[in-house]
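Colleague: I'm new to this one, so could you walk me through the pockets and strands, and tell me how you know each thing?

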Amino acid sequence: MSETPVTLLTRFRQTRAALEAAARPLSAEDLCVQSMPDASPAKWHLAHTSWFYETFVLNDPALANYKPFHPDFNYLFNSYYDAVGDRHPRAKRGLLTRPSAEDIDHYRAHVDTAMAEQLLKIRDADFARLKPIVELGINHEQQHLELLFTDIKHAFSQNPIRPIYREGRRGWSSTDDKSADRDATPLDWNAFDPNVYRIGNAGDRFAFDNEGPQHRVFLEPFAIASRLVTCDQYLAFMAEGGYERPELWLSDGWAAKRHYNWQAPLYWEKHIGGWHVFTLDGMRPLEIREPVCHVSYYEADAYARWAGERLPTEAEWEVACGDRPVAGNLLERDLLHPAPGASADGLDQMFGDVWEWTQSPYVPYAGYRPLAGAIGEYNGKFMCNQMVLRGGSCVTPTSHIRSTYRNFFPPEARWQFTGLRLARTV
């Protein structure tokens, strides 16, 4: 069934409600904190996602009766759209104690009301033109839903009292796991023949512009691991001096390791009795069967080299994933933390748990053209100095991820739920 204004409005409201629900456990002080330049305050995420609809939908000439909520908000909550105008510096978003959280709530309500009014009375031709932008806005807000979790986790980790994001929930628990005394799922290898494969989006469902066009790639024979690398495996890398052996590291990676003094993944702490890890449910002992998480591309690459393997290319990852259904430890499971794999058959954990680093730089596919206008700044302008990740994480909404999805971060980034899966050339 084709999309109608009513069904689009329903999805719009569901996504708006999900972001607001994620922010609900936070205090007014929590909403305003910014722990580093790469992160944003939760209050800013709530405002910026409203700014997106106001700027790219409600300000459309066909909707001439719309009155912007506040003249300063275009400057305060623009992220990186140079074509739209100047903006508040990203690293200083945490200084925006005003407008208040209550003001942002009013802003969201104002935009929600206007979107409902406009979508339900819009002409067919205008709906057909604006629908893709609303769809982009929905997916954009899902990205900020994921960012809200990762950003507040980083902020809480900087607090010496180790705040808990939510009370009464401790993620997955080994005491509830009937297989708690077993080792991690055995690692196997899935081999693929040399061939010309098609990758990239070619369907009529939503995808970001950087996922296309679909194109052909030739792959030499390769094999990909049946599951993610676990904390136990990563501990072995650390025990064998992985953080002290420059021959395992890329030059830039070794420089980053020394600059930031990396000795373990982000959020790992050595306590009496062993390693502990900070989670959104608080500090707890490290569970060795979980996928290792919060490692940079440099760390993932060094681990792969130590293991005698390599990271997969993004084309290999997508070919291996194939058309398997989207299922796994994603946001709806409500763990907010990676969990051990459940199956030794085929490929496990392709979706959810952690974003998987690939060895592929984030560059345009052959034939890629960014969208026209300011919207074209969404993805294309970042195709430099970034690495591609695949598969989603434990805070990615199920409806947001797919096999063609190309996430990207700088190689030193660690605050996202990032991990790795090994590959090898056959």
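Colleague: Which residues lie nearest the centre of the second largest pocket, and how many line that pocket?

Modeller: Y80, R90, L147, F408 and F409 lie nearest its centre, out of 33 lining residues. Keep in mind that this is a predicted model. To count as lining, a residue needs an atom within 4 Å of a pocket point, and the 33 residues pass that test.

Colleague: What elements give two or more residues to that lining?

Modeller: They are α3 (42-58), α6 and β10 (407-409). Helix α6 gives the most, with 6 residues. The pocket's volume is about 850 Å³.

Colleague: How do you know which classes of residue make up the lining of the second largest pocket?

Modeller: Tyr and Phe count as nonpolar and Arg as charged. Sorted by class, the lining has 13 nonpolar, 13 polar and 7 charged residues.

Colleague: And the largest pocket, what is its volume?

Modeller: About 1,100 Å³. There are 43 residues lining it, and N139, R205, F206, A207 and R402 lie nearest the centre. The elements giving two or more residues there are α1 (5-23), α6 (124-157) and α10 (314-321). Helix α6 provides the largest share of that lining, 10 residues. By class, the lining of the largest pocket divides into 18 nonpolar, 13 polar and 12 charged residues.

Colleague: On to strands. How do you know that β5 and β6 pair?

Modeller: Pairing takes at least two bridges between two strands. Strands β5 (residues 268-271) and β6 (residues 274-279) have 4 bridges, in the antiparallel sense, so by that cut-off they pair. The hairpin of β5 and β6 has 2 residues between the strands, and G273 takes a positive phi near 100°.

Colleague: What makes β8 and β11 a pair?

Modeller: Strand β8 (residues 355-361) and β11 share 2 bridges, in the parallel sense. The cut-off is at least two bridges, so that count qualifies as pairing. Within these strands, W355 stands opposite T418 in β11.

Colleague: What is the strand order in the open sheet, and why is one side of β10 and of β11 left without a neighbour there?

Modeller: The order is β10-β9-β8-β11, 4 strands with mixed pairing. Strands β10 and β11 (418-419) stand at the edges, each with a single partner strand, so one side of each has no neighbour in the sheet.

Technical notes. Residues are numbered from 1 along each chain as its sequence is written. This is a predicted model: local features need pLDDT of at least 70, side-chain atom pairs count only at pLDDT 80 or more; totals for chains, interfaces and linings use all residues. Side-chain values use heavy atoms; hydrogens and water are left out. On a 1 Å grid over the protein atoms alone, a cavity is a set of points where a 1.4 Å probe fits but cannot get out, and a pocket is an open set with protein on both sides within 12 Å along at least five of seven lines; lining residues have an atom within 4 Å of a point. Grid points are joined across faces, edges and corners, and a volume is the space filled by probe spheres set on the points.
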